[in-house]
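Please open the structure in your viewer and keep the selection panel at hand. The tour moves from the core to a helix and then to a ligand.

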Amino acid sequence: MKNNITDPLLNVINLTVTLCNKTTNHQHQLLHNLSFTLNRNQCLAVIGESGSGKTIMSKAIIGLCPQEFNLSGEVIFQHQNLLTLPKNDARWSQIRGRKIAMIPQNSLNAFNPLLSIGTQIEETLKQHLILSKSQLLAQINHVLEKVALPDYSHLAKKYPHEISGGMLQRITIALAFILKPDIIIADEPTSSIDWLTKKEVLAFFKQLLNDHQTALLLITHDFAEANELSDHLIVLKQGKIVETGATKQILSHPQHTYTQNLLNARNKLDTFFLKHRQSDKAQREPAC
Ligand SMILES: Nc1ncnc2c1ncn2[C@@H]1O[C@H](COP(=O)(O)OP(=O)(O)O)[C@@H](O)[C@H]1O
Ligand SMILES: [Mg+2]
């Protein structure tokens, strides 16, 4: 059955995740009745402090939650409730990576230091694509050019420690687009790179999303990142949605105390770093 163009791409209804402690039989609820939709071309950010349930939410959506977690509710994608698909169901191979691509948290750690970049990229893609070597290289070159990495033959020979974190992150982001997924779920995609590199990576990411018309579910704790990439925002606190709406509206007029506190903390941190940067600069500049 084909999706109607006006249907949401992803419809999450009352998603609840519970963890049961087998010894004490105590039920610990990690996500509480989350409901939201992701539409075509939409960039929806989920923001919350560490431990608020962002990663569990993204894993629940694509069937990667650990076995001991109990999931209820619905995750509707292409008229199918993904929560009803068993973990080892063959249909996952058609969905994960192909239709819903994931940039996992700490994805830079996923690079094997002992293998060249080329080996790692090509081995990963061969799991999804049945292409000749030249077709595969053409696809890789095509996406890497979009993140300003045009010389794949040179890059392929390098090992992860020989290139910068920003370059590795650009590779990870570009590869998520290679199978032209409908949705990309990016879990803290720039958390392990510095501020300046982050700006550059986000600009490439934005351009790729625009070119491919891909919807994004962005998981972040960073308001600047959410502001740069998303049009809508969900604020998650201890596994519950406390505020949702247009990103610009929430950032300029946060309604919930939790959102206000998160934004205040962020502003205080910015002021602190700005002050330190200015005093460092003043110390470095010789007095006239
Ligand atoms: N494998 C796990 N076993 C038990 N508890 C977990 C596991 N993974 C995450 N949690 C708990 O679930 C909550 C949400 O975690 P997580 O989704 O990783 O938060 P976030 O991504 O927002 O930092 C936390 O309280 C965390 O301790
Ligand atoms: Mg996380």
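## From the core to the ligand

In this predicted model, begin by selecting A45, A174, I183, I185, L216 and L218, which, of the 65 residues in the largest nonpolar core, touch the most other members. The largest share of this core, six residues, is supplied by helix 6.

Select helix 6 next, residues 165-176, and follow its twelve residues from the first C-alpha to the last, a reach of 17 Å that is close to the 16 Å expected at 1.5 Å a residue. Colouring by burial shows a helix that is mostly covered, with nine of its twelve residues buried; these are M167, Q169, R170, I171, T172, I173, A174, L175 and A176.

Leaving aside residues up to four places away in sequence, A174 touches V143, L144, K146, V147 and L208.

Finally, move to ligand 1 and select the residues around it: L19, L30, G48, S50, G51, S52, G53, K54, T55, I56 and P66. Which helix gives the most to this shell? It is helix 1, residues 54-61, which contributes three residues. Colouring the shell around ligand 1 by residue class divides its members into four nonpolar, six polar and one charged.

Note on methods: Residues numbered from 1 in each chain as written. Chains lettered and ligands numbered in written order. Predicted model: local features only at pLDDT ≥ 70, side-chain atom pairs only at ≥ 80, totals over all residues. Helix = DSSP H or I, 4+ residues; strand = E, 2+ residues; numbered from the N terminus. Expected span 1.5 Å × (residues − 1). Buried ≥ 20, exposed ≤ 12 C-beta atoms within 10 Å, placed from the backbone. Near = placed C-beta within 6 Å. Nonpolar A, V, L, I, M, F, W, Y, C, P; charged D, E, K, R; others polar. Core = buried A, V, L, I, M, F, W, Y, C linked by C-beta atoms within 7 Å. Contact = placed C-beta atoms within 7 Å.
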